[in-house]
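Please keep the sequence and the structure in view while reading.

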Amino acid sequence: MKYLISHQTTYTYYEPVSVCYNVLRLVPRNTDRQLCTSVSVTIHPEPDSLQEYEDFFGNKVIYFSIEKEHARLSVKVFSEIEKRAVAAREIGLYGNATIESVKRQLMDNPQEVGDIGQYIFETPMTAWNEEIAAYARASLRPGLPVLEAAGDLMRRIFSDFRFTPGFTAVSTPLETVMRERKGVCQDFAHLAIACCRSVGLPARYVSGYIETLSPPGVEKLIGVDASHAWFSVYIPHLGWVDFDPTNNLLPAEQHITIGWGRDYADIAPMRGVLLSSGTHGLSVAVDVRRVK
Amino acid sequence: MDHFADQARLQEGIGEDGKMPLHWAAFFRSYARLGSEEIAGRNEDLTRLLRENGVTYNIYGDPNGLNRPWKLDMIPFLISNEEWPVMEAGLLQRARLLNLILEDIYGEGRLVRSGILPFELLYNHPGFLRQCSGIPLPGRQHLVMYSADLARSREGKIWVVSDRTQAPSGSGYALENRTAMTRVVPELFEGQNVRHLSPYFNALRDGLNNLAPRQRTMPRPGGGAPRIVILTPGSSNETYFEHAYLSSYLGFTLVQGNDLIVKDSYVWLKTMGGLERVDVILRRVDDIYCDPLELKADSQLGVPGLLQAVRSGHVSIANPIGSGVLENPGMMPFLQPMARYLLSEDLLIPTIATWWCGQPKEMNYVLNLLSTLVIKKIARNPAGSSSIDGAALSHAQLQQLKAQIIAHPALYVGQEKVDISSTPSLINGKMESRKVLFRSFLVSSGDGYVAMSGGLCRTSSEPGNFIISNQSGGISKDAWILSPEPDRILAPLKETPDRGAAAEEDMLPSHAAENLFWVGRYTERVLGNARFLRTVMQFLAEGNKGMTESNRLTERSLLVALTQYTYTYPGFTGPGSDAAFANPWAELKEVLLNEKRAGSLKFNFLQFQRAIHEVREHWSTDTWRVLRTMEEELAQDIPLSHQGHLRMLHTLDNLITFIVAFIGLNRESISREQGWIVLDIGRKIEQSLLLLTMLKTTLVNRSSDQVEYSLRQSVLMSHESLVNYRYKYRRPIDNRLVLDFLLFDPNNPRSLTYHLQRLRVHLKQLPNDQAGYGLTEYERLILEADTLLKLSDKDSLAAVKDDEAKYGFLDDLLTRMYGLLVAIPAVISKTYFKHEVPHFPSDDLYVL
């Protein structure tokens, strides 16, 4: 399966900006389930400086700066993704690993925990309180296989929480999301991650896209898609297993990964500082199109 | 002698046989020779010298904590010739070890993967900045500077109490302490062979020079030595004195975050002449504040894009961003195994016994012995002390702490309370014993490190107190490392800062220029206000005797003018002014001494002082002495009695003398010509504006001839021009002549024409991109003002018709002139000081 993805971000400044610095994390990385066959990044006005590197987590990063006065900044990223079919996992062998056995196996293997250990601890965006920890315990019960428990957590978040765009912002604490039972994909991913970590399970944040399908017979509009986020849980020998609590789905064909980190802050699509006295407007248009 | 021996017997350094070691005995011989009276006197001199040199330490969160005087105990901390080599070797080893740990953490990560360093300790530590991983650094050592706090136990054993690896502070204070000691009590050094500090600073200078990026894709214009700057968080930082001091001593420009800008992935310094490339940054800003783009997004102290410039290899930072990860007491128990793993050596200096609660056994030990240990979090709390003395906690507090540890065990350590030895200290003129911490300083050099042969000692504020920190009011000591033979490297005199070492051709940083400009403006504002206030007070003090109607009217006019001139409304204006007129001295005292009243003399003085501190590396010791005296002059409270009136006048006299002295010192004191020019531009602009305001508030309104005459006399007096006027014109104080003298006379240094001339000359000396392309914006303004003045008809200005309430032409001229001149500062600021405020977009890409 092949996808063409277009992700366009436009900033409109109400006062001209003399310099801006940006860090982009919008180029999809390769995983065992996808191959990024081509990518093009178009920035307007043309950057005075542009560099690429891989960050600590192996995500692809683009740094650029614009050092002349401008009133508008547009960043277009086109990428072509080939999804790979993955051979059936040996779930039979490892799929029954319980929370306790996962933790034990990690502790016994410093080599492995040296990398996975990143994802066990609280971060400011995944801070949990007692209410969240209690919510986690209802799903992540001792003795239960992790796969089943995480699936249950995903299902409960899907049915207990209302998808409400605009209710939260990047800075909204998780406890507000928990109390109000409202949020968007980032919040649900963060909540699930906090739940997993509260019982000591490694969990990470995945940023990406999801293909949305229009009803039969209606042509899909361009730009109606959006960036998406979900969470992933680590099980020794099996690796990272993705869960999408916003859609109650195990990500497969329709999910395209950009990258991952401990939380949103590690993989924010675009972060910038600009020298200006004014405010700005932002618009984002994403299109995910299946080619064959 | 016996007296001192008795005193010292209780202190450290006393051998088991109860005898005083030789080095202490030698010291106390010199000390005793001085005699107690002399010692008391020298001690006062020491305090005064430090105050006059402006040596300060700021305390956060304390309104009176800004610029607190530095305290130095005259009795040094002695380290013997036998002891030092052992300490030094241990310190050098520890620096090498920490350097390798830092390299591993941000590089291969072998320590964590092999399980030698528990991953929880690293991944839970806020100082571990994943953004910095994999960044290659120039120089052979990644850890450029390192500091350790050492303590001696009662048995004489040396322990490391904590490590400083981000932006270690104190070396400048150590140097200032030594300089003060050699000046005030040179006798104590006699026969002692105290080792010098300068080799450390030479190594620091060389080390930073060697750090400059080598492979340059963009060669520095004209080749030249690397440009090194010291990045400070600013004048309210606790150790700002030291930043400015090191800047002068080492000859590196002192900058704040907004003085720097990243362009094309290089770092540039904004100067009056444009952008200049920076090669090396010695930073005093904590890791996460260094770059709002990749680190703490709301930091105002850093430089956006800085980390990318480092990543590109275009700039080097000492210490590298991310080195705060080593400031982690949780690592202490693992240093020995890490030393085995990385160096195949055992630690030479033991670390204070530390139990990291991330391990069940250690946690239980800590929980059981909580009240006997010191508890620390693995991350330092930047806002204050992060140590908790278990013994000081109540039962409830202990339970609470236990619960916190159990909830997040990996974040806590318990540390043994070492019985730190005491050392003889001179406290309030008496010898007492105090617990002491010794901070040592190391810098990378060649294949290894160099340790300062000396250091900074801090003692507890009370005899038994265990916690020692400058924040809680400790006292410092010089540290003497004794050598068997005289130190041949450099004479102690070399240790005074060599001011003005900054390369002459370097342009003044914009930020410094702006502050110097404001120093100039506030200088004149304080002076102008003081002179007018004095004139008004003198009139009141004399006029009271025979109160004629015209005297009464003159007094009223002067008081109203004073309110208008100083902008201390309502004052003597408005509906409530009757009360003020009835008791003018109460209001005058407010205008002089109430610092909360905007426009008061004290208020302006504080602004003046603030601007001076922002550029403190520019002033000489003499300037500090003058400033200190002014501060004292304004610190007194004066009663509202006749006696009090005279004291206020006396205060104003002194203040005026000191300000004039300050102005006189500027020319020779400010290390760079450009700095002086900018300061003088500020003065001339302020003088012009004040003169126009003065004339407008006193000479425009009509009154009786007698009153107008008295007002003209007051105007001349408050410009110290009465004598000059009489000498020049030899005539009564005539309206036309006064205006001629104060507005038009090109030879009167207090006239507007003179100010405009100076301004024009100064502004021509500033860097100018548009040379040859006509006039700059400020040149146009000055030309217009000058022309307006030249075209004015002197007779019309001084003339008035009988039925008119004011001198219309004069009023019109003064208003228009003011409008033109008041626009100049904004233009200068736009051209030379402009600093944009970073603004941060929120990337709320919250959808689906």
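## Backbone features of chain B

Asn319(B) is placed in the loop between strand 12 and helix 12 (332–343) of chain B. Helices (H or I, at least four residues) and strands (E, at least two) are DSSP runs, numbered from the N terminus. The model is predicted: local features need pLDDT of at least 70, side-chain atom pairs count only at pLDDT 80 or more, and totals for chains, interfaces and linings use all residues. Residues are numbered from 1 along each chain as its sequence is written, while chains are lettered from A and ligands numbered from 1 in the order in which they are written.

The peptide bond that joins Ala318(B) and Asn319(B) is cis. A cis bond also leads from Tyr569(B) to Pro570(B). The table lists the two bonds.

| Cis peptide bond | Omega |
|---|---|
| Ala318(B) and Asn319(B) | about -15 degrees |
| Tyr569(B) to Pro570(B) | near -5 degrees |

Pro570(B) belongs to the loop between helix 16 and helix 17 (577–582) of chain B. In the loop between strand 8 (260–263) and strand 9 (266–271) of chain B lies Asp264(B). Phi of Asp264(B) is near 55 degrees, which is a positive value in a residue other than glycine.

## The parallel sheet of chain B

In chain B, four strands form an open sheet in the order 7-6-11-12, with parallel pairing. Two strands are said to pair if DSSP finds at least two bridges between them. Strand 7 (253–255) and strand 12 (316–318) of chain B are the edge strands, and each pairs on one side only. From one strand to the next, the twist averages 30 degrees.

Within this sheet, strand 6 (residues 228–231) and strand 11 (residues 280–283) of chain B are paired in the parallel sense over four bridges. Opposite Leu231(B) stands Arg283(B) in strand 11 of chain B. Helix 10 (residues 240–250) of chain B packs on the sheet and touches strand 6 and strand 7 of chain B. The direction of helix 10 makes about 150 degrees with that of strand 7 of chain B. Axes are lines fitted to C-alpha atoms, for helices over the stretch in contact, and angles run from 0 to 180 degrees between N-to-C directions. Two residues are in contact if their C-beta atoms, placed from the backbone, lie within 7 Å.

## A helix pair in chain B

Two packed helices are described by the angle between their axes and the distance between the axes. Helix 16 (residues 549–566) and helix 22 (residues 673–698) of chain B pack at an angle of about 150 degrees, and their axes are 9 Å apart. The two helices of chain B, helix 16 and helix 22, are therefore roughly antiparallel to each other. Angles under 35 degrees count as roughly parallel, over 145 as roughly antiparallel, 65 to 115 as roughly perpendicular and the rest as oblique.

Which residues of helix 16 of chain B meet helix 22 of chain B? They are Ala561(B), Gln564(B) and Tyr565(B), and they meet Thr693(B), Met694(B), Thr697(B) and Thr698(B) in helix 22 of chain B. By class, this contact of helix 16 with helix 22 of chain B has three nonpolar, four polar and no charged residues. Ala, Val, Leu, Ile, Met, Phe, Trp, Tyr, Cys and Pro count as nonpolar, Asp, Glu, Lys and Arg as charged, and the others, Gly among them, as polar.

In contact are 20 residues of domain 1 of chain A and 18 residues of domain 2 of chain A.

An open sheet of four strands in chain A has the order 3-6-1-14, and its pairing is antiparallel. Strand 3 (34–44) and strand 14 of chain A stand at the edges, each with a single partner strand, so one side of each is left without a neighbour in the sheet. Strand 1 and strand 14 of chain A pair in the antiparallel sense over 11 bridges. Tyr11(A) has Leu282(A), in strand 14 of chain A, as its bridge partner.

Between the chains, 44 residues of chain A are in contact with 35 residues of chain B. Strand 13 of chain A gives the largest share of the side of chain A that touches chain B, six residues.
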